[in-house]
Every structure is written in structure tokens, then in C-alpha cells.
Amino acid sequence: MQCACLRWAVSLKQVFESDALETHFRRAAQAVQPEEWDRIKLFKFRDDALSSLIGRLMLRQATKKITGRPWSEITFGRTERGKPYLLSPSGFNFGINVSHQGDYVVLSSSCTPRVGVDVMCIERDKTNKTADEYITFMQRSYSKDELRVMRMQPTDTMKLTYFYRFWCLKESIIKATGVGIHDDLAKLDFRMDPNDRYRPGCLLSSTKLMEGDRVKSEWVFEESFLDQLHCVAVCREAIPSIPTCRLSQESINSLHFAKVNLEMLLNDCEVLNRIDGCGAATEWLSFFDKPRKPW
Ligand SMILES: CC(C)(COP(=O)(O)OP(=O)(O)OC[C@H]1O[C@@H](n2cnc3c(N)ncnc32)[C@H](O)[C@@H]1OP(=O)(O)O)[C@@H](O)C(=O)NCCC(=O)NCCS
């Protein structure tokens with residue numbers, strides 16, 4: 001098997017602005033497993049339905065590339081806690097995960113079985129709290145050291161950027177292990193290198209997860225600042241020596257997110273969920289009837 005490490009990002013804004021959205025949407029609705037489509041239909045907002053649909057296409061297109069198997073031979077299940085995993089074809093042991101928030105849907109896959117990804121939009125608190133008030137409001141989820149780092153930042157924007165960086169890091173390990181809800185998020189204690197410059201387009205892999213004074217070196221964290229407003233964290237197991245893995249070779253220890261679009265995600269797709277009546281025309285209309293998210 002070739003290297004399974006992929007990093008993909010889709011901008012929802014670009015998808016919404018595309019002239020081909022209706023055509024792509026109608027193909028996509030029929031290119032996912034029926035139970036996936038049944039779940040997607042239930043979203044109240046158009047943005048959430050589309051994000052979830054894109055996430056499912058990403059999982060399948062990435063799996064197709066990694067395994068070399070056709071679209072229709074790929075089946076996903078979900079764990080009790082909701083984490084999608086590959087049911088078939090069997091015999092593959094790579095990890096894969098998606099996240100959607102703000103303007104992005106992102107995918108991360110890994111040669112190691114456990115990987116988690118989380119994207120967050122750095123938004124000001126909607127209740128008009130200052131950054132300090134918001135951090136205090138949420139402080140139960142953060143360690144003492146994380147709170148100190150956030151609070152020492154000179155501006156509200158920087159405080160919130162650190163707030164969301166830590167948030168993504170915590171979510172990324174929760175998603176890698178698949179636990180879903182963690183009872184004590186403050187125990188997930190992250191240390192960032194103060195010399196790193198976190199700026200749009202950057203990719204850092206120096207942040208460590210601590211257990212007391214010990215670095216939990218079995219996990220690697222990659223942080224990407226996709227644009228001025230979106231941070232992403234990927235958590236994966238430290239790669240031992242996998243000869244085909246790009247990340248276990250020489251100096252390459254992390255991967256940048258590649259921007260992909262719906263056309264690419266639908267490449268060589270097949271019908272898994274046949275919708276009678278003019279190729280999902282009704283489904284498109286009810287999707288278009290849903291309200292856009294007001295925030
Ligand atoms: C499961 C959980 C981690 C998902 O996080 P989220 O931010 O709501 O959603 P994301 O956009 O990142 O990811 C959603 C995708 O992750 C996948 N997913 C669902 N459950 C998952 C789980 N238990 N583990 C890993 N991935 C999961 C699915 O593909 C899902 O997409 P879908 O719903 O469209 O099928 C989250 O629901 C949760 O339980 N969080 C609690 C932890 C918390 O309070 N964090 C605050 C940090 S300070």
C-alpha cells in the first residue's frame with residue numbers, strides 16, 4: 001500500500017459559489033451510503049448538511065485513493081461513539097477522520113490507525129464577552145498552564161487564537177481515540193513552543209501533550225493555520241518505521257493541507273443510493289429550502 005497520509009481542505013464558500021453546485025449536489029446525494037444520506041437530510045441548516053455530505057465524500061475519495069479500490073467496494077460503519085471507520089475492503093489499517101466548522105471541511109488520514117482532526121473558526125464570543133471573560137467562562141476545560149499562555153497574549157484576537165488552538169488540539173486527540181466526550185479536558189495539557197510563529201499558512205509540529213512533567217511522545221500534533229480565521233489540529237500516533245510512509249522518512253514530518261473541490265471529490269464516484277425521480281431533483285429543492293446558518 002502507498003503512503004496513506006493525506007491532508008485535504010474544502011472551502012464551503014467556494015462550493016456555495018460554484019455554478020456547478022446543483023449538478024454536483026445531485027450526484028453526491030446518490031454517491032453516499034443510504035444511511036449516510038438519511039442522516040444528512042435531517043440537518044436543519046444548509047451549511048451543516050453540505051458540510052456533512054462533503055465530509056462523507058472526502059472519506060470515500062481518500063479511501064479510494066489509498067486502497068486503489070473502486071467507490072462501490074468501500075463501506076463505512078460508525079462506532080458507538082459516532083466515529084466513522086472502514087468496514088470494507090478489509091485488510092487495511094490506516095486511520096482517517098474529518099471535521100467541519102466555519103468555512104471549512106477538512107480530512108486527515110494516516111499510515112497509523114489512530115488519527116483525529118479538528119477545525120475551528122476563530123470567532124469572537126457571540127455574547128459580547130471580552131476574550132478574558134470568555135476564557136474565564138470556559139476555564140474548566142483548560143489546564144493552568146494553557147490558561148496562563150492564553151491570558152498573557154497582548155490582544156483579544158491573539159488570546160482567542162490561542163484559545164482555539166488549544167481547543168482544536170484537545171478535540172483532535174479525542175477524535176483520534178474516538179472517545180467523543182472527555183470527562184476532564186483540563187487534564188489534556190498541551191505545551192506550545194513560545195518561539196513558534198503561528199501565522200496564516202503555517203504548519204507546526206512542535207506542540208506536545210504532557211502528563212505531569214512527561215511528554216506523551218506516542219502522539220504527534222500538527223497545527224495548521226489555514227487562513228486568518230481557521231485553525232486545524234491533527235493528532236496521530238508517532239510513526240514507527242513504515243517504509244512507504246512519507247512522514248517516517250527524512251526531514252518531512254508534516255503535511256500541508258491541500259485545497260480540493262467537489263469535482264475532485266466526485267471523481268469516479270458511483271451510485272450507492274439511487275434516488276428515483278429526475279436524479280435527486282426533489283432532494284436538491286429541499287436542500288435549497290433549508291435556511292443558511294445565521295452565524
Ligand atoms: C465527537 C466530537 C469530538 C466531534 O466533534 P465536533 O467538533 O462536534 O465535530 P467535527 O466537525 O470536528 O467532526 C464531526 C465529524 O467527526 C466524525 N466523528 C463523529 N463522532 C466521532 C468520534 N467519537 N470520534 C472521532 N470522530 C467522530 C464524524 O465524521 C463527524 O462528521 P458527521 O457528523 O458529519 O458524520 C464531539 O462531538 C465531542 O464529543 N466533543 C466533546 C469534547 C469537547 O467538549 N471539546 C471541547 C474542547 S475544549
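The shell around the ligand is made up of twelve polar, six nonpolar and six charged residues. The model is predicted. Both domains contribute to this shell, with at least three residues drawn from each of domain 1 (1–111 + 252–295) and domain 2 (113–238).

**Ligand shell**
- The ligand is surrounded by 24 residues.
- Ser52, Gly82, Lys83, Ser99 and Gly180 are the closest of these residues to the ligand.
- At least two residues of the shell come from each of four elements: helix H4 (46–67), strand E4 (95–101), strand E6 (115–121) and helix H7 (156–177).

**Domains**
- The domain assignment divides the chain into domain 1, covering 1–111 + 252–295, and domain 2, covering 113–238.
- Between the C-alpha centres of domain 1 and domain 2 the distance is 26 Å.

**Contact between the domains**
- On the side of domain 1, 27 residues are in contact with domain 2, where 24 residues take part.
- Strand E4 (95–101) and strand E5 (104–110) are the elements that give two or more residues to the side of domain 1 that touches domain 2.
- E4 gives the most to that side, with seven residues.
- By residue class, the side of domain 1 that touches domain 2 has 15 polar, nine nonpolar and three charged residues.

Key. Residues numbered from 1 in each chain as written. Predicted model: local features only at pLDDT ≥ 70, side-chain atom pairs only at ≥ 80, totals over all residues. Domains from an automatic or database assignment. Contact = placed C-beta atoms within 7 Å. Nonpolar A, V, L, I, M, F, W, Y, C, P; charged D, E, K, R; others polar. Near = placed C-beta within 6 Å.
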